[in-house]
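Colleague: I have a model open and would like to walk through it with you. Can we start with how you count contacts?

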Amino acid sequence: MTDVDLRTSILRHLTYSLGSDADHATQHDWRIALSLAVRDRLIENWHAASRATRAVGAKRVYYLSMEFLIGRLLEDAIVNLRLEDEAQQALTGLGLDPVAVIQDEPDAALGNGGLGRLAACFMESLSTLGVPAFGYGIRYEHGLFRQSFEEGRQIETAEDWLTQYHAWEFERRDVRFKMCFGGEVVEEGGKPVWHGQEAVMAQAYDTPVIGWRGRWANTLRLWSAQPLHGFDLDRFNRGEYAAAAEPEALARTISRVLYPDDTTEQGKELRLKQEYFFTAASLRDILRRFEAEGGALTDLPKRAAIQLNDTHPAIAGPELVRLLHDEREMPLDQAIATARGCLSYTNHTLMPEALERWSEDLMTSLLPRHMQLIERIDAAHAAEQPSRSVSLTGDGEVRMGELAFVMAHKVNGVSALHTDLMKKTVFAELHRLHPDRIVNETNGVTPRRWLLSANPRLSGLITRTIGEGWVDDLEQLERLEPSLTDPAFLDAYAAAKRANKADLADWLAAEHGVQVDPDAMFDVQIKRIHEYKRQHLNILEAIALWRDIKANPQGNWVPRVKIFAGKAAPGYFFAKEIIRLINDVAAVINSDPETNRYLKVIFLPNYNVSLAERLIPASDLSEQISTAGKEASGTGNMKFALNGAPTIGTLDGANVEIRDRVGARNFFLFGMTADEVEARRAVPEHAAQAIAADPRLSGALMEISRGTFSRRDRHRYRGVVANLSGADYFLVCSDFTAYWDAQRRADAAFADADAWRRMAACNTARSGWFSSDRTIRGYMADIWDVVAVRSGLDE
Ligand code: 26M
């Protein structure tokens, strides 16, 4: 089907795959027909990639992740296959609006936030670089919940992306494994044998992941849980209709829904089942492939690099030992060493409440053999350490971070600061025992999605200026450096940003009924809602600014539109309070005729990958204001910098490295450092002190307390104010004055339009290092010991 032009192919699919015709087709039909036509163009290279991998016996990367936040796939495929013009012409020729067709696709939200989006960027970079790789995860029936607001409060509803036909996946009926839970371990012939009690089938679904120019494609293999035996006809015939369907429903529960928490670990049985289910199915698949290709089992590390994305798949350690030792008779020590040779682990957080711990009781009842093996692994590790100071269990719990560390040959952090803090805090003892194990791999983002495709105006300008080599060699953006003093270039740069902002303003008016001035500063904070990310610091500044403007309405104010978006975990009460407060503040400020020329506040519902793609290219200022030491890296920060939005931020996560590269003059730094944060917490009454010292801060808090934003419910935000003026664990008050000052520096810089556009362009020109291609090269060299089979740069 690749021998025909795209238009013909679309029409053929519309007729023969969808059974529709041009006169009756809906937008959905056209979108599916286009997807299938585009899909046809990548299948052959996809198959060629796996043939090439087998032909040279190449080592493969296996990326195990509970989350892949891939977003829409059609536009990505069109861009990477360079079909933009042909698709545009075909659709217009058929009387369709290309943008509407692309946007008809639901966002695949199989992830919570940064961790899941990183996995998606990595998959794209692995394909662009021509590295043989599989992503392994769960095919959730429901991704992250849909968010709406009712009287300012977050309402969650189920997301159902899979109710629409999913054009990008292939069900692999021949790839299914039986997965067991529970039961007991019995001695048989002198060896322990696990007899599981409950069983479900893991069914593979494959989605091709296409790299830049379509030269290479890897596979994202997601597991769906299905009943072992379908429907119980005997029971049905006995009239037990609901009971007959029960086993099926129970089995399917495992892949039913993504856990919507990215904060606190809750120790829920179903979550542990999900983790074991997808990890064990993936390992079974990896071993099957290895054994089909032949070779001694001890050579597994030469053929398979298995990356654990956080501790969610950490049961891979004991499971791989079980497969090698129990099921293939490899001596235990050798099995542990072989597993360790394959495994490596990425840590994404230092927050103690987010570190996974499973109760030994739950582990014993669900995975009895694994619990025994964890004890054996612990004993073997203890024997290596004279001090015996690290244990994988304690207080009746299994510590998954320690388990992942001990079973990995490399452990990595996701920014320089975060890796440094890992060595000094959570893994201090393990780092002393294994000083070469921890390495840093600073995160990155794929420039294909986050610049080329999301920001065609800017990417077009870049390509006209330096050619298109930057797309898969992002550090070529440095070649823009001479243009940073060229007024014609800067004019074009500013015009691209202005046009993106005008588009966003139109969309805000059409979709959300809010009017904004495209010449105002678009100040944007988009990410999960968390106390450590401090959206409340941002809204406090808005309140203080509003009060200042009201006190002096004739002042020379720099117009601002503050845009927020992000979801709160459904059980995270305080985060939901922050959402409501921002919505309430927005309602008051936006309807104030005295100030609304200068200040608008907007909280956009249902933040997702597609909304990020719309907002980031239209942003002027990037809010990255976490309490120092808490944000492991951030990746949104990189997307903004690349798209020419300077950061206002703390020295946290990758902000540090962004500032080093874009230059201190092009970054609005404020706030305490990670060390100062620790010291400040020890100061008694730190919040009260900060409030007493800054009348703007005390004024803003007073405004909240007196009920200005509380509608008819005066004490609505009593809890928020009490938290901030009391414990204030995330030091919002102590950083407020510095944040205010940094915002005023941003105002002054923005008021000088020439200086601002130079600053913005500097951010683009100097952010090339933050490509996920660079990150993946780092993993290849430092962790995986793999090489590309076909470099993305040749041909
Ligand atoms: C854990 C247990 C049960 C249910 C859910 C979880 C869970 C899921 C996701 C916990 C944390 C999750 O994500 C954490 C995360 O997204 N971390 C972010 O990772 C990014 C990529 O490295 C970093 O850039 C961010 O700084 C970091 O917060």
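Modeller: Two residues are in contact if their C-beta atoms, placed from the backbone, lie within 7 Å. Keep in mind that this is a predicted model.

Colleague: Fine. Which residues is Tyr 779 in contact with, leaving aside its neighbours within four places in sequence?

Modeller: Glu 441 and Trp 784. Tyr 779 itself is part of helix 32, residues 772-784.

Colleague: Is Tyr 779 buried or exposed?

Modeller: Buried, because Tyr 779 has 25 C-beta neighbours inside 10 Å and the cut-off for buried is 20 or more.

Colleague: Now the lysine. What does UniProt place at Lys 639?

Modeller: The unreviewed entry has "modified residue: N6-(pyridoxal phosphate)lysine" there. In the model, Lys 639 sits in helix 24, which covers residues 636-642.

Colleague: Why does Lys 639 count as buried?

Modeller: Because 30 other C-beta atoms lie within 10 Å of Lys 639. Not counting residues up to four places away in sequence, Lys 639 touches Val 445, Trp 450 and Ile 616.

Colleague: On to the ligand. Which of the 22 residues around the ligand come nearest?

Modeller: Gly 114, Leu 115, Asp 262, Ala 632 and Ser 633. Helix 6, residues 114-129, gives the most to that shell, with three residues.

Colleague: How many nonpolar, polar and charged residues does the shell have?

Modeller: Six nonpolar, ten polar and six charged.

Colleague: What about the largest nonpolar core, which members touch the most others?

Modeller: Tyr 62, Phe 277, Ile 582 and Val 585, out of 234 residues. Helix 2, residues 27-56, gives the most to this core, with ten residues.

Colleague: And what is Tyr 62 in contact with, leaving aside its neighbours within four places in sequence?

Modeller: Its contacts include Phe 134, Tyr 136, Ile 286 and Ile 306. Ser 282 and Gln 307 are also among them.

Colleague: Helix 9 next. What span should its 25 residues have at 1.5 Å a residue?

Modeller: Helix 9 runs over residues 269-293 and should span 36 Å; the end C-alpha atoms are 36 Å apart, so the two values agree. Gly 294 follows helix 9 and has a positive phi, near 80 degrees.

Colleague: Which residue other than glycine has a positive phi near 60 degrees?

Modeller: Leu 731 is one of them. Leu 731 belongs to the loop between helix 29 (718-725) and helix 30 (732-751), and is buried, with 23 other C-beta atoms within 10 Å. Arg 534, not a glycine either, has a positive phi of about 60 degrees.

Colleague: Where does Arg 534 lie?

Modeller: In the loop between strand 19 (521-526) and helix 21 (535-551). Arg 534 is buried, with 25 other C-beta atoms within 10 Å.

Colleague: Last one: is Arg 173 buried or exposed?

Modeller: Exposed, because Arg 173 has 8 C-beta neighbours inside 10 Å and the cut-off for exposed is 12 or fewer. Arg 173 is in strand 7, residues 170-181. Its C-alpha atom is separated by 7.2 Å from that of Gln 203, 30 residues apart along the chain.

Terms used
Residues are numbered from 1 along each chain as its sequence is written. This is a predicted model: local features need pLDDT of at least 70, side-chain atom pairs count only at pLDDT 80 or more; totals for chains, interfaces and linings use all residues. UniProt positions are given in the numbering used here, feature names are shortened, and annotations may be inferred rather than shown by experiment. Helices (H or I, at least four residues) and strands (E, at least two) are DSSP runs, numbered from the N terminus. A nonpolar core is a set of buried Ala, Val, Leu, Ile, Met, Phe, Trp, Tyr and Cys residues joined through C-beta atoms within 7 Å. The expected span of a helix is 1.5 Å times one less than its number of residues. A residue is near a molecule or strand if its C-beta atom, placed from the backbone, lies within 6 Å of it. Ala, Val, Leu, Ile, Met, Phe, Trp, Tyr, Cys and Pro count as nonpolar, Asp, Glu, Lys and Arg as charged, and the others, Gly among them, as polar.
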